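Thanks for coming. The structure is on the screen now.

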Amino acid sequence: MSRTGDLRARIAAATTDRRVVNAVHLAAWRKVDARAESFAKLPHVEALRDKAAQIRQHVIENLPRYLECFVERATALGAQVHFAPDGAAACRTIAQIAAARGLSLAVKGKSMTSEEIGLNVALEATGVRVVETDLGEFIVQIDHDRPSHIITPIIHKDRRQVARAMAREFGCPYTEDPAELTKIARRHLRDIFRRCDLGITGVNLGVAETGTLCLITNEGNGRMTITRPRVHVALLGIDKIVPRLTDLPIFLKLLARSSTGQPMGAYTTLINGPKRPDDPDGPGELHVVLLDNGRSDILTGPLREVLRCVRCGACLNACPAYRNIGGHAYSSVYPGPIGSLLSPLLYGHAYDDLARVSSLCGACRLACPVQIDIPELLVRLRALACTRQPRAKRVLLRLWQWAMQTPWAYRLGQRLMRFLPDDGGGWTRHGPGLLRAWTDTRDLPCPAVRSFRSIWENELRDEH
Amino acid sequence: MSTDPQPPLTAAETPGGTGPLDAFLHALRRRTEAAPHPTPLPDRSNAALRAVRPAEELAARFAAEATAAGCVVHRVTEANWLAAAKDIVGSLSARLVLVQPQPGTALTAERAAALADALATAGRSAVSKWDDDTLFNCDAAVTGVVAAIAETGTLVCVSGPAAARGASLIPPVHIALLDRTQIVGDLFDYFDRLANTGSPANINLITGPSKTADIEGILITGVHGPGVVHVLLLE
Amino acid sequence: MDVALFITCLSDTFYPRAGDAIVRVLRHFGCRVHFPAGQTCCGQPAFNSGFHRAAAVLIRRMATVFEPFTHVVTPSASCAAMVKQHGPPLLADDPGAHAASVRLAEKTWEFCTFLRDRLNVDIAAHLQAREPVTFHYPCHARSIYGLDDLRAWLSRLDVRPPARTDLCCGFGGLFAVEFPELSAAMLGDKLDELAATGARLVICNESACTLQMAGGAHRRGLPLRFKHLAELLAESLGLMEAAA
Ligand code: SF4
């Protein structure tokens, strides 16, 4: 996907998939409205965002110290901490944990980090069966699809598609009733939860001061995943740290409200090490896999604010571009505004042009609970990649710059624009050459008969 | 800006070990330049950001928020809580009920025993064990909670020698006994308290029933956790 | 008061009437208006597109062209933001040019805020319209003036706000031609919002947004007309004939 052409074609195609666009519009607006409503009811909401942003910024500026502390405390609580420099290493580590203990049935909580490193495929290749347990991810898995939103994986699907997948997979009678569909998934997964031996989750935030892991879920699948199996593996991006336990509630107040408009997710779980010897249930082993996978490069680069992100998904819902193409058009695990930043940073230059898929309207910035100035960072990313833009574009730009530096050329340009075809009413309907990119979808007004400067010269200057 | 008397953390400044993590942290420390305008760690206290006024009537706020989150709240007294519990169990036509007394909660051993008796006379069997068959087959679980948060209508359940994590999770109905004195106002209050006490291995902040909106954004309750949460609020 | 008009390349070429109106309104409130003929573009399209060297050249040029003046007024909030916020950092390496760009940043005003804050004009009190109006709130104006200002200025008219006041029109500079299908899809959402208000006159203070929305409305056959607030103000004050 290195060339803008491919990306443009993919995005153009996505805008015409009415079913997806309608589904995403509906769900995203619902979340935007729910978020706005819940934020309106939260006292001191701007001060909370300020503080959340500041805490996260402070952490990324001082990460080594906090990570070290986190590792020390988590270890003291009985967790085994592993470090993975990249996704392959993380997959290997987890596969080794499974192999050494003979674990064969893994249940997973929804984790974008695990999507990022392709964990399911890697584990299945070693003979471990991996079952997604979040309803949306479960449907993605049985339908051999990909998630298209970091919070709402099947935002692009309607109930008919879910119904067909369920009927095909389980041979059950066809139903489109979301409650029935949910029941089918529950029944199937209950059996899995009784038998599973490995639980894999992401982590919303880790607490440096205490070594605590915080995990938020709505369905209870996350709790099942860290309760039933005898081994729990938590995959934690090195950036997802807050300093103190008392910092957590700031994020808890903002996170669910930003994601879904709920004051709190149904289940916020704080994990302090594995099961204690006299606890009746819970995993006997807790492994924390700390994942770098490019994060330390972001941390030491010019866009490090992006690591403040707590993956709430609010910027996706708020984004008019995302709403009109859905998540798959981005061809990345992380779509939407935050994805347009993260994907080039994590996956390299082939994704550079994602940073251009934005009108910079700033709705994302207003939605972001940690106040990441996403448009500003997108522009910064575009600037870093501008020498890799197609040659023709760079030449045109140079020409344009020259014209704008050269008043007679600027005026000549204005005059030349009058030769564009006029439909008789002052509109160009079919622009030539490059202008087709405009007139294929919109009309272009013909330049005014007299530019402002000519009105000024002839009338306004001397009039008083 | 930080008013912490000392740096809040006491991370060792020199990497002691030689594993890949230590090497990584060591390298990261070398690569991380000090920010030109360092961002200070904000004050630990969140008192100025509270959502619940200290004077607010906590039981009423809790009941309202928990109800909004989808719980069924019953305001009961010492005199009638048993009858209320029996009614709930009766209305569920539940046969097997897990009753899990836990120190530090309102469900004391005595209350649990009284409840077990009451249920038995009503023809239900109350058990207090945590094998898989019980957890997956019982119709409801009755537990205490260690705290509740008025701001969000949240119940706090923690693991411990007498408390299975599965009890408030696996059965389809969760019935929680809460004493009004256990309610704190704000989420901040709960974490302030938590920061000053030892922490169990597993702490669950439970806000309403298990839910999903994955299919077309339509809210469905009871996905993997309980679809129904009753709170007996003892006044 | 002496004021230099920075017309912007788009208004100069496509929407000169807004400039005409601004000149008349400023004169009406006692300003002497100048128009430095050497002005072209502030470099915003290049800046937003990541071509910061080109943008730096143009900002430096702008600072020189407007150096002699004490106030610079522009119809466009986004060009004002370009000059005020993004310009100086681009010239950080050249102390002389940087200082000039800072001077330019400090004296540049978006037209409505200049009227309000510098000339103490109660904009709302002067506006009249014979028909219902709605408005488009340009995204890039957020940093210059708040959403509620535009609404407040129109408050004495029969104003029909769109249900989602802060929806982007989908223009976004080069974005509009790099991803034209997506830009047009976003435009479609915007036009749906505007059409649903029932008003036919749209107040839009950003010629780039107007270019996009008017082009889309014309293609779809929607009877929407677009005006800069300055035009409505000049008409209300009797400084201009009401345009069709
Ligand atoms: S960038 Fe901000 S809004 Fe977007 S997912 Fe991250 S935290 Fe949420």
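Buried area here is the accessible area, taken with a 1.4 Å probe, that two parts lose on being put together, summed over both. By that definition, chain A and chain B bury about 7,700 Å² between them, with 58% of it on carbon and sulfur atoms.

Some housekeeping. This is a predicted model, in which local features need pLDDT of at least 70 and side-chain atom pairs count only at pLDDT 80 or more, while totals for chains, interfaces and linings use all residues. Residues are numbered from 1 along each chain as its sequence is written, chains are lettered from A and ligands numbered from 1 in the order in which they are written, and side-chain values use heavy atoms, with hydrogens and water left out.

Back to chains A and B. Counting contact as heavy atoms within 4.5 Å, 94 residues of chain A touch 84 residues of chain B. Two strands pair if DSSP finds at least two bridges between them; helices (H or I, at least four residues) and strands (E, at least two) are DSSP runs numbered from the N terminus.

Now the salt bridges, meaning a side-chain nitrogen of Lys or Arg within 4 Å of a carboxyl oxygen of Asp or Glu. How many are there over all chains? The count is 58. The interface of chain A and chain B has 9, among them R228(A) with D132(B), at 2.6 Å between the closest N and O atoms.

Chain C also reaches chain A. E178(C) and K393(A) form a salt bridge, with the closest N and O atoms 2.4 Å apart. That pair links helix α10 of chain C to helix α19 of chain A. For burial, the cut-offs are under 20% relative accessible area for buried, over 50% for exposed, and partly exposed in between (1.4 Å probe, protein chains only). E178(C) is buried at 9%, and K393(A) is buried at 18%.

Another pair is D443(A) with R219(C), 2.6 Å from N to O. It runs from the loop between α21 and β12 of chain A to helix α12 of chain C. D443(A) is buried, at 0%, whereas R219(C) is partly exposed, at 27%.
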